[in-house]
Amino acid sequence: MSTLRNGRFASRAAALRTRGTRGRGHPCQAGFSARFSALALVVMAMGVAPGYAAPPQACFAPDSLPVRAGDPSPVKGNHAFDRSDAAHTLAPFAPVPTHLRGAIRRVEVPKGQKLIALTFDLCEQPGEIAGYDGAIIDYLRAEGIKATLFVGGKWMKSHDERARQLIADPLFEIANHGWAHRNLRLIAGDALRQEIEGPQRAYEMARSKLAAAQCLPPGAGSSSRPAPARMGLFRFPYGACNQAALDAVNDAGLLAIQWDLSTGDPSPSQGAQAIAETIVRQARPGSIVIAHANGRGFHTAAALPLAIPKLRAAGYRFVTVGELLAAGRPVVEPRCYDSRPGDTDRYDHPLGLAVGKRPGGAPARSAAAAETTEILPWAAAAAPAGRAQPQQPPPRRRVTDPQRPAASPQAAAQPQPEPVKQPASSGWFKWPWQ
Ligand SMILES: [Zn+2]
């Protein structure tokens with residue numbers, strides 16, 4: 001199945017590249033709009049959802065887009081990217097307003113709008129080069145399915161070209177997943193700041209490269225999508241947060257995005273059929289689905305072709321998290337969790353500290369909260385006075401495998417093969433920095 005799928009995408013991609021570059025000099029020198037229009041026509045002619053604008057294929061080598069052998073396999077023992085970049089002035093932003101502060105798990109959408117947001121985490125921990133499940137991305141591209149990718153800053157640096165391909169693709173919304181997948185409940189000070197700001201820098205620098213090469217999609221940076229000037233969404237590594245971490249993320253102008261439907265794909269023992277059944281069974285309008293595309297989303301690439309057609313048949317349309325937020329009212333929780341409050345506390349183990357460790361383990365909650373304004377002085381001046389909801393200190397427990405990405409199954413289903421259209425804004429949600 002994987003081979004067939006990849007083969008189909010490969011041929012489509014080849015067609016796109018051939019049509020997109022024929023008769024031109026250096027592809028990045030030519031007007032991108034003309035290429036884009038031609039590509040869009042080709043995509044539509046191929047039956048791909050009309051809402052999908054092909055990525056600027058001409059800006060990348062012909063064989064660089066589809067998955068390659070070895071892409072999905074993580075490599076251990078490489079510390080080259082453990083530290084984030086220090087220099088780069090971040091794009092302007094404003095702290096998240098009070099009513100959106102907290103962990104957003106799903107979105108209440110107007111009745112009849114069967115919108116769902118697929119999200120894929122590309123986590124990368126210190127001392128490793130994580131994988132790239134290109135088969136997932138290839139499938140999404142071939143089917144014209146929008147998705148939000150929560151990408152580690154370290155992953156962006158260690159997968160420089162892949163990161164730029166994804167940023168340049170208007171099908172995808174790129175979001176912050178920390179620098180090196182550290183548990184934000186267990187760090188403070190510079191370590192916490194690195195985890196939040198590092199990916200912002202990596203994204204903005206990669207985007208600058210694309211801009212310099214005229215490889216950003218049309219409309220980039222004009223609003224929230226595609227390829228906005230800065231990332232506006234954050235997902236906590238391990239799904240773990242506390243009030244101090246939520247404050248730090250929100251004060252940095254990032255909405256904290258959790259999920260209400262976990263595929264459980266970090267578990268190798270779960271097969272594609274089980275994942276697909278979970279997704280189809282648990283999906284509901286406004287759901288945010290979490291899966292992984294870093295070589296540790298076991299069987300997800302094979303599960304998508306099983307689940308997506310069923311979701312479409314049930315009338316679902318696939319949108320990015322940003323689009324989902326704009327279509328309804330976000331459900332904001334005072335704490336992060338996977339299935340139920342407290343179930344991510346098992347990741348609070350000192351081994352999860354990696355870089356920026358505090359020898360005594362997690363900082364005291366009060367100390368961590370006090371440090372927030374010290375860490376983010378600009379936020380102290382601009383942060384809203386109130387908070388959406390009070391945070392209850394979760395109980396802390398130990399776990400035997402703290403490095404494993406948070407996950408546990410859930411999902412649902414229904415579909416409809418309709419082109420993905422930008423949902424009308426509910427008027428309730430506005431991007432905080434606009
Ligand atoms: Zn992760």
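**Exercise 1.** Is His79 buried or exposed?

*Solution.* This is a predicted model, in which local features need pLDDT of at least 70, side-chain atom pairs count only at pLDDT 80 or more, and totals for chains, interfaces and linings use all residues. Residues are numbered from 1 along each chain as its sequence is written.

Step 1. A residue is buried if 20 or more other C-beta atoms, placed from the backbone, lie within 10 Å of its own, exposed if 12 or fewer, and partly exposed in between.

Step 2. His79 has 11 other C-beta atoms within 10 Å, so His79 is exposed.

Step 3. To place the residue, look at the loop between β1 (75–76) and β2, where His79 lies. Strands (E, at least two residues) and helices (H or I, at least four) are DSSP runs, numbered from the N terminus.

Step 4. Leaving aside neighbours within four places in sequence, His79 is in contact with Pro126 and Gly127; contact requires C-beta atoms, placed from the backbone, within 7 Å. Pro126 is 47 residues from His79 along the chain, with 6.4 Å between their C-alpha atoms.

**Exercise 2.** Classify the packing of helices α5 and α6.

*Solution.* Step 1. Helix α5 spans residues 160–168 and helix α6 residues 189–212; their axes are 10 Å apart, at an angle of about 70°. Axes are lines fitted to C-alpha atoms, for helices over the stretch in contact, and angles run from 0 to 180 degrees between N-to-C directions.

Step 1. Angles under 35 degrees count as roughly parallel, over 145 as roughly antiparallel, 65 to 115 as roughly perpendicular and the rest as oblique. The two helices, α5 and α6, are therefore roughly perpendicular to each other.

Step 2. α5 contributes Ala163, Arg164, Ile167 and Ala168 to the contact, and α6 contributes Ala206, Arg207, Lys209 and Leu210.

How values were computed. Two residues are in contact if their C-beta atoms, placed from the backbone, lie within 7 Å.
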